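Here are my notes on the charged side chains and on one strand. Please read them against the model.

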Amino acid sequence: MSVNINEYRKIIAALEPQKVTLVAVSKIKPVSDIRTLYEAGQLDFGENYVQELVEKQSALPAEIRWHFIGHLQSNKVKLIAPFVHLIHGVDSLKLLKEINKEAGKNNRVIPVLLQMHIAQEETKFGLDETELNELIAAIDPYKNIVIKGLMGMASFTEDTSIVEKEFKNLKAIFDSLSKHAHPALQPEILSMGMSNDYELAIANGSNMVRIGSLLFGRR
Ligand SMILES: *Cc1c(COP(=O)(O)O)cnc(C)c1O
C-alpha cells in the first residue's frame with residue numbers, strides 16, 4: 001500500500017481553513033490507490049493521459065471529479081468531454097474551440113483553465129502574457145466553455161526565491177484577468193503548486209494545488 005493517508009490528512013487539515021482545493025494527482029497509479037483515497041474522503045483527482053483517465057473513470061464511482069492536467073490533444077477531447085470536471089492545461093484557441101464543440105454535443109459547459117508558461121525551462125506548452133491577452137481577445141462568446149482561471153508550473157529548482165518570483169508573477173497575471181470583461185471569463189481558480197512547492201504556492205495566492213507523489217509515493 002503506497003497511499004500515504006497520514007500525509008493526506010495533514011495536507012487536508014492545512015488546506016481546508018485556507019479554502020484551497022486539493023487535486024490528488026493519480027497518474028500512473030492504480031485504481032486501487034485512487035479508491036483508497038476516495039474512501040478517505042477525496043473527490044478531486046488529476047490525470048495526465050486521456051486513455052488512462054477514461055479507463056479509471058469507468059472503473060470508479062461517478063461522483064469523483066476528474067481534472068485533466070496534462071497536455072490535451074484536440075482529437076482526444078471527445079473522449080473526456082462527457083465527464084471531465086475541469087481541464088487545466090489549455091493553451092490554444094484551437095483546443096478551446098474543440099472543447100466548446102464537444103461540450104456542446106454533450107449539452108455541457110466545460111470549465112477550463114488557461115496554462116501559463118512561468119518557469120525558466122523551455123517548453124512548448126503554456127502562454128506568455130502577450131499570448132494570453134491575444135487569446136482572450138480572439139475568443140468568441142462560446143456557450144459551452146467557461147474560463148475559470150489559470151494554471152502554471154514553477155521551475156524545477158531548489159532555489160525557492162526563483163519559485164516564489166514565478167508564483168507571484170502568475171498571481172499578478174491572474175489578478176489582471178479581471179480587466180477583461182469577457183462573457184466566457186470567470187476567473188476564480190488559480191491552480192499552482194505541486195508536492196515540492198505547494199506551501200509556497202498557497203502563500204502566494206494559489207487556491208488549487210495538484211499533489212501526486214506526497215500522496216501516492218514516487219512514480
Ligand atoms: C504530475 C503532475 C503534478 C503532480 O506532481 P507531484 O510532484 O507528484 O506532486 C502536478 N501537476 C502536473 C501538471 C503534473 O503533471
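1. A surface patch of negative charge brings together Asp128, Glu129, Glu131 and Glu134. Keep in mind that this is a predicted model. Asp128 sits in the loop between strand E5 (110–116) and helix H6 (129–138). Its relative accessible area is 37%, so Asp128 is partly exposed.

2. Salt bridges number 9 in the structure. Side chains of opposite charge can pair when their charged atoms come close. Three of these contacts follow.

3. Lys10 and Glu7 form a salt bridge at 3.6 Å, N to O. Both residues belong to helix H1 (residues 5–15), 3 residues apart, about one turn of the helix. Lys10 is exposed at 53% relative accessible area. Glu7 has 16% relative accessibility and therefore counts as buried.

4. Lys105 and Glu102 also meet in a salt bridge, at 3.1 Å, N to O. They are 3 residues apart in helix H5 (residues 93–105), so about one helical turn separates them. Lys105 counts as exposed at 57%, while Glu102 is buried at 5%.

5. Salt bridges with shared partners link Glu47, Glu52 and Lys56 into one network. Within it, the side chains of Glu47 and Lys56 meet at 2.8 Å, N to O. Glu47 counts as buried, at 0% relative accessibility. Lys56 is buried too, at 5%.

6. What covers strand E2 (residues 44–47): one face or both? Both faces are covered. Asp44 and Gly46 are buried on one side, Phe45 and Glu47 on the other. Strand E1 (residues 21–25) runs parallel to E2, joined to it by 2 bridges. Val25 has Gly46 as its bridge partner in E2.

Terms used. Residues are numbered from 1 along each chain as its sequence is written. This is a predicted model: local features need pLDDT of at least 70, side-chain atom pairs count only at pLDDT 80 or more; totals for chains, interfaces and linings use all residues. Side-chain values use heavy atoms; hydrogens and water are left out. Patches are made of residues with over 30% relative accessible area and no salt bridge: like charges are joined within 9 Å, nonpolar side chains (Val, Leu, Ile, Met, Phe, Trp, Tyr) within 5 Å. Accessible areas come from the Shrake-Rupley method with a 1.4 Å probe; for residues, only the protein chains shown count as cover. A salt bridge is a side-chain nitrogen of Lys or Arg within 4 Å of a carboxyl oxygen of Asp or Glu. Lys and Arg count as positive and Asp and Glu as negative; His and the chain ends are not counted. The place of a charge is taken as NZ of Lys, CZ of Arg, CG of Asp or CD of Glu. Helices (H or I, at least four residues) and strands (E, at least two) are DSSP runs, numbered from the N terminus. Buried means under 20% relative accessible area, exposed over 50%, partly exposed in between (1.4 Å probe, protein chains only). Two strands pair if DSSP finds at least two bridges between them.
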